[in-house]
Amino acid sequence: MRVGIVGAGAIGRGYVPWLFEQGRVSFHFIERNVQLIEALSSDLMYTSHMTVEGKYQSQIVRIESLSSDVAHLPLDLDVAYVAVGTRAFPEVIEKFPASTFPIVCLENDPGVVDVARQIRPDLKIFFAVPDVIASPTSPALLRDTDRLSLVTESGQCFIENSEHLQGFDSGMTQVSQRELDEQWKAKLYIHNTPHCIAAYLGHAARKTYLHEAMSIQPIREIVQGAVDEMVQTIHAKFGIQIEFLQNYGLKEISRFQNELLCDPVERVAREPFRKLQPRERLIGAAQIALSVGVFPENIITGIVAASTYDHPGDTDSHIRILSAGMPVPTFAEIVLGISRDSALFDGLVDSWNEKTLLIGRLSA
Amino acid sequence: MRRPTDDEITTALIRCASEAGELLMKVFGDKHSFHRKGTLRDITSSVDLAAEDAILSVLAETLPGVPVIAEEKHRDSLGGSDTFICVDGLDGSVNFVHGLPEWAVSIGWVEGGIPTSGVIFSPPNKEIFYGGLALGTFRNQERVNVTANPLSNSLLAASFSGGSGHLEQRDEEYMIFGKLNDNSQGVVRSGSGALNLARMSSGQIDGVWGRNARIWDVFAGLALVRGAGGEVWMSEINWEDFSVQYVAGGAGNFSDLSRKAYPEREVCRASPCTRGLKMF
């Protein structure tokens, strides 16, 4: 098989090769990061490690071709995967060469596929949900043998059923639109929301990796609380079976604690303003919870932790200046865009001091 | 005394502006009595004073020992220091008493005699502009930059001095206003010199000038424009009435704008002080 991978990040480079039988696929990469291209060009191979039942499985991935321009993607591929981030996705699709093979979007937003289909109705674009965490780095021990190595979890990749995919061995699990939507919603709320909360609290506790953060009991309890809030919320809001959601939640807590993954706190916590957008994983999730009568106590802790995130190298590092300088009601209204007459506003303002004390104690 | 870090300065200025802004919003829309200080539009009211007091109170706690020059009543002696804080508790008082939302709290940090950091808070518009040379300039969550539009594609803003001491220059000011209005996409006169500059720093307005502007009205904004990559010409401060002449533009219009705004001066004389700022 000939497989294209656009975006040589954690999912594209780390996870996608595991969808196929080793040694029977040629991989063609497109990557915009010049330094990464240079690094990959020297050996044209790297190691991807997968965590399976507490151990690593490893494979050497050989790179057949490598380019920075998606227009250079070979036209005789069997399938292409795109994992470049939601912001870059439309631009990549716009420049995509005219082709007939399936293009699988591994972004965190099905909405971008709708946009992409409008931009390029000639392409066969599919939305898929990889149910894994992949880390762009690996532990020092693994980096010593291959500096380009990276780690991914073992997990299924769900994709919508389509006649265009019939008889196609993509390594993915084809499901109905409804099942895909359930997987997506579970990932969006039961994974994304608690995941970033664990990272912000982990940063407050000065931890490097997520599993280190999760080894601290108060953090584990808050993250578990956020998972429970989201399980109740998604069940009430969308009518998804509670057993499925509870099992998803258990799986998430387990994967956040996966010490083989070495998921960097800094990566998961990056760009707090984006995560604090009104419809995003923190404020958006809290608003949905309140709309179905679930009080998002632990998600509010996450909102406070994100608002006080103080990593100097982050694109959004100025958030700490605003949250430190503004009275909480002003910050909530002007910066976070939370209406003063909303329940979330009251919940946030009333508990802000208590939450900041709690978060402050994590660094002690 | 240790110099506060740029983060500490900006955090303190944001706290001051927020406190004053909250106070002002509580009474915005009410009827206010005012009295005139000079011209018909140079007015002050009890809320101007209350906002200034709120800011001074926070400054005394957060940046103690730094001299403050405020619009309404507070004028510390600089004692030879060229580091001080400029405060305008309510810039756009006429708009405020008329219920128009174009007003702001404006606080600037001045170092070496020139503005380097600032905060401009517009509560009715839910906008806070902050930062300066060291941090760059931000509007709410976003980092912002000035535009590079040529003069012909520029939306400009002008401010006229509110004081009565320069009335003999009015004819010339109006002539320049008209000339620039005809040579650009137009000239706004918003009634708030601070907001003019804030909006320029975020690229909504492309260039700003002002004659005999008071330092508390414009120093915060000039710092923000510089932090957003803009270019600024500024005169020495006239300490008798705390006024300056200034012009601010982007790479595409600065040269044309400064020549037209100050035709009597050799504004192209190269005497750069620091990044983005030149003195007349």
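**Notes on the predicted model**

1. A salt bridge joins A:Glu91 and A:Arg32, whose closest N and O atoms are 3.6 Å apart. This pair connects distant parts of the chain, 59 residues apart: A:Glu91 belongs to helix α3, A:Arg32 to the loop between β2 and α2 of chain A. A:Glu91 counts as partly exposed at 35% relative accessibility, and A:Arg32 is exposed at 55%. The model is a predicted one.

2. In A:Arg255 and A:Glu252, the closest N and O atoms of the salt bridge lie 2.6 Å apart. Because the two are three residues apart in helix α9 of chain A, about one helical turn separates them. A:Arg255 is buried, with 6% relative accessibility; A:Glu252 is also buried, at 0%.

3. Chain A contains an open sheet of 11 strands with mixed pairing, in the order β8-β9-β3-β4-β2-β1-β5-β6-β7-β10-β11. β8 and β11 of chain A stand at the edges, each with a single partner strand, so one side of each has no neighbour in the sheet.

4. Within chain A, β3 and β9 pair in the parallel sense over four bridges, and A:His49 has A:Val151 of β9(A) as its bridge partner. Helix α2 of chain A packs on the sheet, touching β3 and β4, and its direction makes about 100 degrees with that of β4(A). Helix α6 of chain A also packs on the sheet, where it touches β7, β10 and β11; its direction makes about 50 degrees with that of β7(A).

Terms used:
Residues numbered from 1 in each chain as written. Chains lettered and ligands numbered in written order. Predicted model: local features only at pLDDT ≥ 70, side-chain atom pairs only at ≥ 80, totals over all residues. Heavy atoms only, no water. Pairing = 2+ DSSP bridges. Contact = heavy atoms within 4.5 Å. Axes fitted to C-alpha atoms, helices over the stretch in contact; angles between N-to-C directions. Salt bridge = Lys/Arg side-chain N within 4 Å of Asp/Glu carboxyl O. Buried < 20%, exposed > 50% of the residue type's maximum accessible area, 1.4 Å probe, protein only.
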